[in-house]
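Hello,

Please find the structure below. My notes on it follow.

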Amino acid sequence: MPDKIKLLVVDDEKQFLETISKRLSMRDFDVTPVSSGEEAIEAARKQEFEIALVDLKMPGMGGEEVLEILKREHKFMEVIILTGYGTIDSAIRCTKAGVYNYLEKPCELETLLNVLREAYQRRIQNKLKYKDEKLKGIISEVMPASPIEILRKLKEMDRELK
Amino acid sequence: MSEKDLLREMGLAFFGRVTASFSHEINNVMTIINELAGLMDDLLRVADQGRPLQLERLKGISERIGTQVKRGESMIKRLNRFAHTIDEAVKTIDMIDLLEDLIALAERPLTLRRARLETKFPEETIFLISNPFGLQQAVFSCIELILAASYDNQLLRLILEKQDGGARITIAGEDPIIKLDDINLSFLPILMEKLGGKIEVILTDNGRLSLILSLPYSIP
C-alpha cells in the first residue's frame, strides 16, 4: 500500500480545520491539523510534510509569514493558501513568496483535491530537477577524479535528498 | 480636507471595515456548513459502498450544521442592526445594548490580535439621546487605536459609568503601548465634538493608555 501524502493543514477556525482534515484523511492524505502559524512552523521542523494548506488571516503569525518561513526552511514543500479574505495584493505577495496556488473559501473539495495533486506533482518535478542539476554539478566537479571519489559524492547527494 | 469631509470619510471607512469583517465571518460560517455537508456526503457514500451507516456520527454532524446556522443567523442580525444605526441621526439609545452590539463588532479585530476585552457596566442601563452610529464609531475607533498601539495579547477594559448630565465611557489598555496612531487620534476629538462630548487621552508613566469619552445626556 503506497504511503499517504503528508499534509499540514493550518487554520484558526477549529470547526473548519477538524472537518476538512477528516475529509482529506478519508482520501489520500496523512493530515496533521494545527490551529496557528506558530504551531505550523514548529510541526514542520519536527517532521517532513510534502504539502501545506494554510489559511491567510490568523491571529498572531498570518498565512503570508507562514508561507515565507515554510518555503525558506523546506526546499521541496509546496504551500497552498486557502482564504475567505482574498485580495489581489495578497495574491501577488504570495505568488512572489512561492505559493503553489491561492484558493478562496468556500472551495469545492474536488477543486482542492486537484490542486493538491498538482502541487504534489510539482514537488516531485522540483526534486528530480534538483537531483539532476546536483548530479551534473558533481560530475563536472569531480572529473577527472577516481570512480571511488565520484561514488562517495553521489552517496552524499542521495543521503541529502532522502 | 474640511472637518465635515473628514467625518464623512472616516464614517464610510468605519462602515466598510465593519461590514467587511462581518461578511468575512459569515463566509466562514458558510464554509464550515459546506464542509460539514460534504462530510455527511462522504459518510453516506461510504455506507453506499457497503460499510455500516454511522448514525451517531451523522447526527453529530447535523447538530453542528444547526449550530453554525444559528451562529450565522446571529451574525446577520447584528450586521443588520449595525446597518440600521444610520437610519436616525438622533435617537434615544440604551447604552448597554449599544456597547454589547459593539463588542460583537469588535470580536474579530480582537481575536486577530489575541486581545481580550473585559467590560464593566452599571446594573441599570444609561439612556442617552444621541447619534448611534457616531457613538459606535467613537468607541470602536478607541478599541482599534489601542490595539494598533499595542503588542498582541493586550487586555482592554471597557467601562460605562453615569456622569453628571450624561455618561462616561473608558477604554483602557492594561499593558503598555508601543506607538500611537496619529491619524485616528486627531479624528476622535472632532467626532466627539459632533456628539456634544469630549475625549480625554491619558498616557501613564508606565505607558498605559486610557481613552475617556464624556457624553452629554442629549446631543446639542
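**Contacts and cores**

Leaving aside neighbours within four places in sequence, A:Ile81 is in contact (C-beta atoms, placed from the backbone, within 7 Å) with A:Val54, A:Leu56, A:Gly63, A:Leu67, A:Cys94, A:Val99 and A:Tyr102. This is a predicted model, in which local features need pLDDT of at least 70 and side-chain atom pairs count only at pLDDT 80 or more, while totals for chains, interfaces and linings use all residues. Residues are numbered from 1 along each chain as its sequence is written, and chains are lettered from A and ligands numbered from 1 in the order in which they are written.

A nonpolar core is a set of buried Ala, Val, Leu, Ile, Met, Phe, Trp, Tyr and Cys residues joined through C-beta atoms within 7 Å. Buried stands for 20 or more other C-beta atoms within 10 Å of a residue's own, exposed for 12 or fewer, and partly exposed for in between. The largest nonpolar core has 40 residues, of which A:Ala52, A:Val54, A:Val79, A:Ile80 and A:Ile81 touch the most other members. Its largest share, five residues, comes from α1(B). Another core, of 38 residues, lies apart from it and includes B:Met95 and B:Ile199.

The contact between the chains takes 16 residues from chain A and 18 residues from chain B. On the chain B side, α1 (3–48) and α3 (95–112) each supply at least two residues; helices here are DSSP runs of H or I, at least four residues, numbered from the N terminus. The largest share of that side, 12 residues, is from α1(B).

B:Asp97 is in helix α3 of chain B and counts as exposed because it has 12 C-beta neighbours inside 10 Å.

Regards

Definitions and conventions: Contact = placed C-beta atoms within 7 Å.
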